[in-house]
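Please look over the sequence and the model below. The report then goes through its loops, sheets, hairpin and cores.

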Amino acid sequence: MQGDLAGRVLKGRYKLIDERGRGNFAVVYVARDLENNKIYAIKVMHLELSDDDELLARFQREANILLHLNDTHIVRMVDYGNEDRMYYIVMDYIDGQTLRYHMHNSNGPMDVLRALNYTHQIVEGLEAAYRQGVVHRDIKPQNILVNSWDVVKITDFGLARSRETVTLTQSNVFMGTPYYISPEQADSGRSADTRSDLYSVAAVLFEMLAGRPPYQGETAVDIVIKHHNDKVPSICRLRPSLPIEMDQFMQKALAKRPDERYPTPQEFMAALEHLQEIVQGGQQERHAGGQEANGAAMQESVTPINMGKGLPVTQKEARLVVISNGEIIPLRGELMIVGRKDPTLGIYPEISLADKTVGRRHAHLRNQHGTYTIEDLNALNKTRLNGVTLTPNEEHTLKNGDVLRFGSVEVRFELL
């Protein structure tokens, strides 16, 4: 794959400042428009893939789809082009985080009304896509951005299909992410329509409310089989404080057959609004009874380890030890970025490793009530755990003695 393009100027005006995300298909950079000083996000297709006619057609299709989508809840495309076979899409820069980030930092399942609000905004964006005959086909928390004003933006239409899309090849089969993919899309991406996107939205909402996706498994195939065959789990069993209507909603939204689900974004939103009214009504009743509106939510946030005998929990301290030189790095805080500092760009990660093989934002290390996890952030030189390369944007629990590798830097995780 191409190296770091930071500093390069595209079209004589878009200066690439810093890499913000990297996948198998493209890299996303923060860029400055030298003509008006505005900040944008630029998605650059890997140069070595520009000779692949199918992938190039997919990239150009994404640009064409974004050109015709104009909605508050969809990231807006500003420009598109290529320079010396380097294809790029210029988009609005969103000052915020992914929905995945917010889900991981909710200290347990997300507040119900907040989750319903985010979901409603996602579906508003899908309604705009639906009006243009566009199916996203990869709705997942990593592709949902939440800006500083809590406005949701759908991004990454790389797998999207429109009415005018010409089927490319058999690689269209099984496009998407296993945790959120509809049964029919797992069979054939070409058969997916808006009901498939809405199924994925329901799976994301399920995870926001329950703290776990509806189906889990050891492999992608295991998860897909469960989407096909297993009953829809009762979300009210996982979170008893939810109204029974939430279970009824999930049973319909996650139905195996598309014709048994909500047929359009409008009907899906109407069901969400009904749930919002029920939840708000329940909170008002608790107020009337002299209880705090968020009392139930506070009880839910208490983890079983705190509920045993009423004794205070002493969380163990943790640290990283750099194996090459014995340097000790104490782990403090709930969310720590592992990376390489860059004063020029104003990047100062909480865990700074001075090695050029380490990305500026290489990984997230989280402390959730004494349980530590690691998540690769699409780093060029991937994060490894005990020799195994981690899949980007997936959390893995750490145990005492685990060896992590960031680029060429190896560290040992220790609980004290």
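Helices (H or I, at least four residues) and strands (E, at least two) are DSSP runs, numbered from the N terminus. Residues are numbered from 1 along each chain as its sequence is written. This is a predicted model: local features need pLDDT of at least 70, side-chain atom pairs count only at pLDDT 80 or more, and totals for chains, interfaces and linings use all residues.

**Two loop residues**

Arg137 lies in the loop between α3 (112-131) and β8. His369 is found in the loop between β14 (363-368) and β15 (371-376). Buried means under 20% relative accessible area, exposed over 50%, and partly exposed in between (1.4 Å probe, protein chains only). Arg137 therefore counts as buried, while His369 is partly exposed.

Two strands pair if DSSP finds at least two bridges between them. An open sheet of 6 strands runs in the order β1-β2-β3-β4-β6-β5, with antiparallel pairing. Its edge strands are β1 (9-10) and β5 (77-83), each pairing on one side only. Inside the sheet, β3 and β4 (residues 39-45) pair over 7 bridges, in the antiparallel sense. Val27 has Val44 of β4 as its bridge partner.

Helix α1 lies across β4, β5 and β6 (86-92). It runs at about 25° to β6. Axes here are lines fitted to C-alpha atoms, for helices over the stretch in contact (heavy atoms within 4.5 Å). Angles run from 0 to 180 degrees between N-to-C directions.

Strand β8 (residues 144-147) is covered on both faces. Ile144 and Val146 are buried on one side, Leu145 and Asn147 on the other. In a regular strand the side chains alternate between the two faces of the sheet. β8 runs antiparallel to β7 (residues 96-98), joined by 3 bridges. Gly96 has Asn147 as its bridge partner in β8. β8 is also joined to β9 (residues 152-154) by 3 bridges, again antiparallel. There, Leu145 stands opposite Lys153. β8 and β9 form a hairpin with 4 residues between them. In the turn, Asp150 has a positive phi of about 65°.

**Aromatic pairs**

The structure holds 7 aromatic pairs. Rings of Phe, Tyr and Trp (its six-membered ring) pair if their centres lie within 6.5 Å; planes under 30 degrees apart count as stacked, over 60 as edge-to-face and the rest as tilted. Why is the pair of Phe25 and Phe59 edge-to-face? The ring centres are 5.9 Å apart and the planes stand at 70°, so the pair is edge-to-face. Phe25 is in the loop between β2 (14-22) and β3 (26-33), and Phe59 is in helix α1 (residues 53-67), 34 residues apart. Both are buried.

**Nonpolar cores**

A nonpolar core is a set of buried Ala, Val, Leu, Ile, Met, Phe, Trp, Tyr and Cys residues joined through side-chain atoms within 4.5 Å. The largest has 69 residues, and Phe249 and Phe268 have the most contacts inside it. Helix α5 (residues 194-210) gives the largest share, 11 residues. Apart from this core lies another, of 22 residues, including Leu320 and Val409.

Ring pairs link Phe249, Tyr262 and Phe268 into a cluster. Leaving aside neighbours within four places in sequence, Phe268 is in contact with residues including Thr119, Leu198 and Ala253.

Conventions. Side-chain values use heavy atoms; hydrogens and water are left out.
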